[in-house]
Every structure is written in C-alpha cells, then in structure tokens.
Amino acid sequence: MAYLAPIHRPSSVRHALKLKFLAPEEDCLVVAKANRLEFYTETADGLSLQHSKAIYGKVTMLQKLRPALSPTDHLFIGTDRFMYFTLSWNAEKKQLQTEKTFESVADNAARESQTGERCHVDPTGRFMTVEVYEGIITVIPLVQRGKKRKQESDIAHMGDPQPCRLSEMFVRSSAFLRPRSPDEKPKLALLYEDTHSQVKLKMRELAFSGGDQVELDEGEQYRGDLELGSSHLIPLEEPTYGLIVIGETSIGYYSEETGELQTEPLEEATIFVAWEKVDGQRFIFADDYGRLYLFTLVLDSRGRMQTWKLDTIGQTSRASVLVHLSTGQVFVGSHQGDSQVIRIADNSLEIVQTFSNIAPVLDFTVMDMGNRSGEGQTNEYSSGQARIVTGSGAYQDGSLRSVRSGVGLEDLGVLGEMEHISNLFSLKSDVSSEHVDTLLVTSFNESRVFRFDSQGEVEEVEEFAGLALSETTLAASNVSQGRIVQVTNGRVRITELDGGMIVSEWLPQGGQTITAASTNDTHVLVSLGGVTLYALSIDDTLRVVQEKTYAADSQVACVALPPTSGNICFLGFWQNSQLSICSLGTLKALNTVQISDESVPRSLLLTQIFPDQPPTLFAAMADGNVVTYSFNPSNNELSGKKSIILGTRQANFRALPRGNGLFNVFATCEHPSLIYSSEGRLVYSAVTAENATTVCPFDTEAYPGSVAIATSEDLRIALVDTERTTHVQTLKVDETVRRISYSPSLKAFGLGTIKRILKGGEEILLSHFKLVDEIQFKELDTYPLNEEELVESVMHCELPDGSGGLSERFVIGTAYLDDQNATAQRGRILVLEVTEDRVLKLITEIAVKGGCRCLAMCEGKIVAALIKTIVIYNVEYRSASKPDLIKAASFRCSTAPIDITVNKSLITIADLMKSAVVLEYKPGESGIADTLTEVARHFQTTWATAVAEVDVNTYLESDAEGNLAVLYRDPNGVTEDDKRRLGVSSEMLLGEMVNRIRRIDIATAPDAVVIPRAFMGTVEGSIYLFGLISPNYQNLLMTLQSNLAELVHAPGDVPFAKYRAFKNQVREAEEPYRFVDGDLVERFLDVSEEVQNKAVEGLGVDVESVRAMVEVLRRMH
C-alpha cells in the first residue's frame, strides 16, 4: 500500500492566457502548471496571485470564450486525458464553477499529435477547433443566439464536438485568417509537413452543412516552396490581413488576396519558439536561446505590407508562452527556466518579477544537514534539515536549486552595514509603552544604541539611560521601577531610564572579566571565566546573594536563569557534560543530569513552548546537537529528554513571543531554525536566514511583531513567517546540470553538465564534470570531457586506494554523440579523486562500447549500465600508481537500461521498454568466474524512466506515460514461476514523468501511519514524497480516499478514480490500485464539518481521530 504527497508543486509553465475572468473590467492572467491553474491580477509591481486550484488532469490547452449573457469570459480547458470543459468565476462564493463538460473525445485508433495540442476560436465566433490527433480536427460549433450572422458573436451555448478528417497529418501550426467581412466563411490555415518532408501551406473553409453539422472543405494549397524550418503562423488584422510565416532563416508574409508569399531572410538563423501580439503591427518573438525580439510590420501609404523589421530586445528565460499584459509589460512563461514579468522600453528590457521554477528536475540528491556522516537515517524533510538539491533547467537556464521546508523571513528594512555583531537587545525607553523602541547592538569592543520613532525612523544615539557603551554587553533588559540592568564584560550596572542615573554598580574583584551572564526581573547571574559564579539580587541596589568558586575540573560552560523570578538557576559544566539545577541562595545543585557522552553544553534557555504544560529547557551542545527536557518547577526534575542535530557547531537561543504567554525559540547556527509547538510536539523548521548570527524580538510601534536580525555583514528588521513553507534557493550554472552527486565527507557536489554554444550559426555541445562546494555553492574545479562527448552518469563511492584502504572517488560515465564515422569506442568510464587542495585528478579510465547510462556500487565493485548490457568492474591495482577497471561479469538487457538500484548482491534494472528486472551478482570461487543471473522480472511492456528499492523486495518504478507502480518479489513463492515474477502491489497515474527516484531512510515512530521511503523529481518541476502505509491504517486510508473522492469535486467534474487510474498504450484501469493520493486525503482538513462527518462514515473512527491522523500526514512534508 503506497502513499504519495507533494513537497514542491509543479512550477513549469507551458500555457498561459489573458482574459477578463475574475471581474468584467479587469484583465486576469491564468497560468497552467501541470494540473494546477493559477489566476493573477496585474499590479504596479507585477502580478498578484488571487486564486489557485488543482484540476484532475494535466492542462494541455487554454482558450477564452464570452457567452452572450455572461459579464465575464469563460475559460475552456483541455487535459491530457482528452477531457474538455469550460469554467467561469463565481464572485459570491469566490471559487470556480463548471459551466459545460464534454465527454472525452478520445479516439483509441488515432495517433496523438506529435507537434503539441492546439485550440482556436474562429474570429467570427461560430466555431472552435481542437487539434489533438494527427489527421483529425475536432470542431465544436458555437451556437449563436438568434441570427447566425452578426457583426458581433453572440454565443448561446457550445454544440457537440464533431471530428473532421484531414489529409494533412503532421501539422506544425494552424491559425484562423481574419475575415474581411462578417459574411465570410471562416478560413483555417494549416502549416504542415507532407510525406516527402516538404513544408506546405493550405487554407480550408469551415461551414455548417445543414443543421449543426460541420463541413471542412478541401481548400486551396499554396503552390510555392516554404522554408523547411517554418514553424509558426501568425494571422494579421486589418489593414494588411493575411499571414506571417516564421521560419529558422527567413520570415514571410502570405497575402490571401494574391496567394503569394513574400519572404525576407533573417540576419542570423535561429529557432523561434513563441510569439505574442502587441498591436496590429507589432509582435514579440522568443527564440530557443532565450532571446526576445520585437517584430514590426512596415506598411506603405495604402496600408499594404511592404517589409518587416526585427529588433533584439534582450535576454530572458527560454519562453514556452508569451502574454502581453499591459503597455510594455510581458509575461514570459517558461518550462526550463524561471517565469518572468518584463517591462520593455527602447529596445531593452527590465525584469519586474520572477517566479521560481525548478523544472525539469533532471536529477537530484538529498543533502541532510543534520546527519553529516552520510550513513544511517535521514532527518524528516519537514524539519528543514534534509534539503533536496536538484539539477534543474536546461542550457542557459540550467541551475542548481536547493529545495527545503522552512520558515520564511520578510525583510522590512536594513539598518546598515555592520560587522562582528555579537548580540542584540531590545529595550523600552518609556516603561508605560506597549512597544519597545530601542535596539542595543553589541560587538566585541563596544555597544551602540539605535532609537526608533512611531513612524519607523531610526537614529543612533551617543548615550542612553547611563549604559556603559564602551564595553561588550552580555545581557540587558528593562526591570521594575523604570530601570535597566546591563551586564558587560567588566561590570553589572542598574540605571534609571529617566535621567540616566546609575542606581547601582557591581565590579568583579581584581579586574576579572565576566564571560557569561543571565538576567531576569529579580536576579543577575554572572560567571567569571567559568571559575567563579556570583548570584546578585536586584532590589534597590545590586547585592551579592551567593558566590561560589569551582575547581579546575568542574568549570562552568554556560548559565541561565528562568525568565520569570524564581530561586533557581541552570548551570552547564565542561566536566562530564553535566547540567545542574541549583538554588540561587546557595548555588548548590538540587538536581544534576548528564546530557551527553560526546559534547558539552554551551547555551541554555528555559521558556514556555507548550500551552498547559511545564516549561521546556533547551541545551545547545558544542557539536551542533540540541537537547530538550521538560522541566517540572515543583520538584526541579528534568524529564522527556529529546535530541536533534541542527548543525556542526553550537546554536544560540532566543525566545520570540507568540502571544498568550507562549514563545517560539530562534536557534542561530550555520543553519538557523525556528523551534515551535504544533499539536503538542516540538517542530524544528529551518529559517531562510542563512547567515544570521544573532536575533532578538523587536516589537516596535512601526514594525509590530518583528525581529532584529544581525548577519555577518549587516543589521536588518524582518518579520518571521508563522508557518513552514517550501523555500527554493538558486545557483545559476548556465549549463544543463544533467547529473548530480553529493559527498557528505568532502562537503561537495559533483555535477555532470552540458553547455550549448552557438558558433557561426551551428550548435556545439560541451560537457564538463564540476566540483562545487556545498555551503558557498562555489565552483572548486572543472574536468572537461572530450569533444562530442556528453556526461551520462555520475556517482561518488569508496574504492580501493592501492594500499589496503578505501578512498572517496567520483566515477563518471560518458557517451559520444552518434556520428557517421562510428568507432568501437562509444563512451568512457572515468575515476576521479579529489586532492587535499580540492582539485580533481584523473586516476584511471576505460573505453566502453556503448554509452554508460548509469553507475552504482555492488559489494565494492562498480556496476555500469551500458547501452545494451550491465557490466561489473573490479578495481585492481596491477601497478602501485594506477588502478585498472577489469570486467568481472556482464548481463545483456532486453532493450536498454535506463536506471539501476542496488541492494547488497541484488541489482534491479529499469529497462527502456521491458519494465524491471532483478539480477543477482555472485562472486566466483576457486577459479570460477563471477556471474550475473536474472532472478525476477516484471512481465509487462512499460517504458520505464526510474526505479528505486523502497523496501525489502519492493520496488517503485515510474514510466514515460506518467504512471507509478510498486512491484514486489516473492522469493518464497510456491512455484518457480511465482519466485521469478515481479507482481504489482500498487499502481496509479501521476500525470507527470518522473526523472529520478531516490530512496530515503527516516526514523519513524512505531505507530507511524506512513513510513517515508523515497523522493521523486519530475519533468514538470514537482517533488513528491513516497511512503508505505502501515498495515493497520491501509483500509482506513483507502476508504477515506474513496469517500472524499465522492464528496470533494474538482473543476470540470472529472471523476477522481478516472484521473488517477493507471493508463498506458497497452491498458487502462478504472481506478488507482492500492495507492493513496495524499493531496486528496489532506483536503479533509480544509472541508466543512458536514463533509468531514460524511467522509468518516463507515470508518469506525470519529472525526477528531481522523483529523489528528491527517494532520500528522500533512506534517510529514
């Protein structure tokens, strides 16, 4: 039983459309991202998201219609399952509503269009055409209200779809010509490729042949020659009419009056991929290399086409779709780069807004910040500790993307550049005020004070309330009676806010330095070098309550006081990693625990995290561990010890108020985290403040609820998000990152990249292997591959170093581009080491007869998947300096291996056409050669794209048609046939092609509902979490999914079971089989209580328990 939930939703944009959808007078942009629709309105700063909705099917076409009685446009949508429907906006309910649904126009005998699906509305408003299959145009009559021929179209409703056969099979582009008069029959222009690979242009007329029957006539053919690279038709308005034909080396104008084509060559050949109309004479073109052009028609005095002009505007992401928003602003929707809103001015462009896009995810790796050993179990993705680093985009849009769960920061302003800030304290200058207005900033030799007024204006003041500003401040806070207590490295001082008089001051004897301090309303606790402790009370003056000197073997590492008054303190010791709760009056230990065997506590904090529970004590260890205890104030007992790794060095804690007397904890280390309570458990979420060094709450009148954050370079005011979301960081590589491998011990990534350059109008591909630092994302070294050689696979592993030990190595598999003078050498396997200077050095290489598609390790040997065979290589040192790769065993595949996964001696192969096969590797003994033997196979035709072992003898496989299948092997089967047959235990249609599946091992509770097993990256930029459902919950979740599918409807009224049912060219199922869609199940939390009650009928559990269970599932990602 399998469970699937999205971590990162699809971000690739292939379709977008401008229409008046949300309001009669306001333009709205609808963007389709795989199966999601997003509706944006225009603002001065770009686009603002108004509504987002998932539909049951991947969107393949968008078109707008305006029915007669509707104040707004309707949206026509087509999906990859050949379902078509129209949507309108219900302004009262603020949601989409389905207007009309067409039954599937699927034709199982026809071949799907190879050039993309198209949809056009005839300018006279009588017909809509849908092109889905080769040789067929589906025509939907738009039935008019009243008279059929009018100046303005007046659509009453849409008729039934009627397929019309065409002799033109391979249509590259189509368009309706603009009519010169309302009585003209609509003309459809088709740019197609004939059986002799010649490009032709044909016009066909559409008409009603009686009743609502539609007829498509034979039409007229343009007899001349068209450029072979012709790709797009653009219909022109009055006064020119006719068509523009875009090619790779020329652009032509076709006049329907004369039937002639007038072409002019381009200065530089290129491949145009998208166009958009600005007005009757200006268009925007985009090419495959990310360039944007302004195309202008030059007319003579009679309004006839004379010539054209093409000007380069600038560089953007490679466009899939262009939409002209308003004067000078254009939306560039991209599949392989970030989508952008740009403003065009004087042949230049300015990027107004960027929408992050990680599609296509070609490869990814899981980088666990909390577990640096690279062994053992990964942290949960939701903690923000495990981040997914993807190789995304293509060519000039290629990049590395870091995707992780975390709490976002919204910067409100930067106070200025300041270095070496060690701590921050927020103070009130007026005790009666609700808000703080003063920020004390301290560095290693001074303290500075900044005052804020009610409008947020800031000024630095030379003195404030008599504070000692020439020293480093260790603690500062407002205390009772309108006073401030300040602890510096040389003194403890109480001053009056009003007048700045020093009320009391305590200096350590003999000029000793204060190294640690903690304060609350009634006491100050200071440590002098970890040797001597002083507890001071804050009454009218500072008074020493107790002092204590510790022996050299039991010095104090950190101190803390409870936030409110009390007679205890917390001390952390270097010796034995002890934590003591001591009485302030005697400084004697009331209770002592040992926190760790391996590290020492360096920072302590007691705060109220949970409502109606005892406070929580946080201890930050020197090695990056954070240990928490529940503290019982009545008996001073610590219980419920829990531990998590936040980084590699100690964290510093700051409590941030969240209201009702509760706090969140901000932990600053190399990966800052916010620690908060959710449904009775502690949640650790990464914060997008990578270089924060210290923070403090800063609830001012101008910036309520904000925090002050110091980084290594500056000081800023920011708002911390209240909840965890997915965050994406980008490192531009400007090359296709085809393969990615991560080495925790080297703290580096190995990237296999492909760069495309244009030289004299010819594309040249160059391939490299790059070593990139994990923290700075800085390129450390590059190893270039040969000419015409492309990287196919990359892995890091431990190989023999020739002296009996193992060393970390990167292994790269390559393939040569196919050409006429093919040689025996069709690829190479390279072994590289990383030297101490972090430079790549080639150790050995071997030429292979086929491209090396995949690499893995099996029992210390290299497994290479070549074009036709799986080969095992031994790494042997025949000479002391250079190892050789020796072929030990091989196995011939059915077609070609696409992916491999290895567990001990079992190697599982995803085959190009023949699904999955499991091989067993047996090392030879006493002179007998090593063997690779097939032990099990999936006997079905599946165009596999990726495979991973997700449990013992259980495999997750994806195919090119967007399906997922969980295969299982039964080694204890009754018959031999049972043992060697891989059965299907779960299957469903994902609707997106998966490029890579990576197995993960996460520590889960014994009663976990779902056990996370793998991450998956898709072509559309989605990342999914795959898990196996515990046997106790299988029936519950399956029934809940079925109930919700009946109760929760998606736009278009497409049935959920049909949408998620397995479908390929060979067979089509009726519903998903033993697969639970987390997206649907998690919608249980968002529906009304009435729907929730209906959904749990027959489950044998109440709404509360189901809600709690689904909340746990949602927290997983």
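**Close-up 1. C797, a buried cysteine of the predicted model.** C797 has a relative accessibility of 6% and is therefore counted as buried, the cut-off for that class being under 20% relative accessible area. The closest cysteine sulfur to that of C797 belongs to C852 and lies 12 Å away, which is too far for a bond, since a disulfide requires a pair of cysteine sulfur atoms within 2.5 Å.

**Close-up 2. C669, a cysteine that is in no disulfide.** The structure as a whole holds zero disulfides, and for C669 the nearest cysteine sulfur, which is that of C558, is found 16 Å away. With a relative accessible area of 2%, C669 is buried.

Close-up 3. The side chain of T495 reaches the backbone oxygen of A465 at a distance of 2.6 Å. When neighbours within four places in sequence are left aside, T495 is in contact with A465, G466 and L467, with R483 and I484, and with M501, I502 and V503.

**Close-up 4. Helix α6, residues 1103–1115.** This helix of 13 residues reaches 18 Å from its first C-alpha to its last, a span close to the 18 Å expected at 1.5 Å a residue. Buried positions in α6 are V1103, V1106, M1109, V1110 and L1113, together with R1115.

Conventions
Residues are numbered from 1 along each chain as its sequence is written. This is a predicted model: local features need pLDDT of at least 70, side-chain atom pairs count only at pLDDT 80 or more; totals for chains, interfaces and linings use all residues. Side-chain values use heavy atoms; hydrogens and water are left out. A polar contact is a pair of N or O atoms within 3.5 Å; within protein, one must be able to donate a hydrogen and the other to accept it, and residues adjacent in sequence count only if both atoms are side-chain atoms. Contact means heavy atoms within 4.5 Å. Helices (H or I, at least four residues) and strands (E, at least two) are DSSP runs, numbered from the N terminus. The expected span of a helix is 1.5 Å times one less than its number of residues. Buried means under 20% relative accessible area, exposed over 50%, partly exposed in between (1.4 Å probe, protein chains only).
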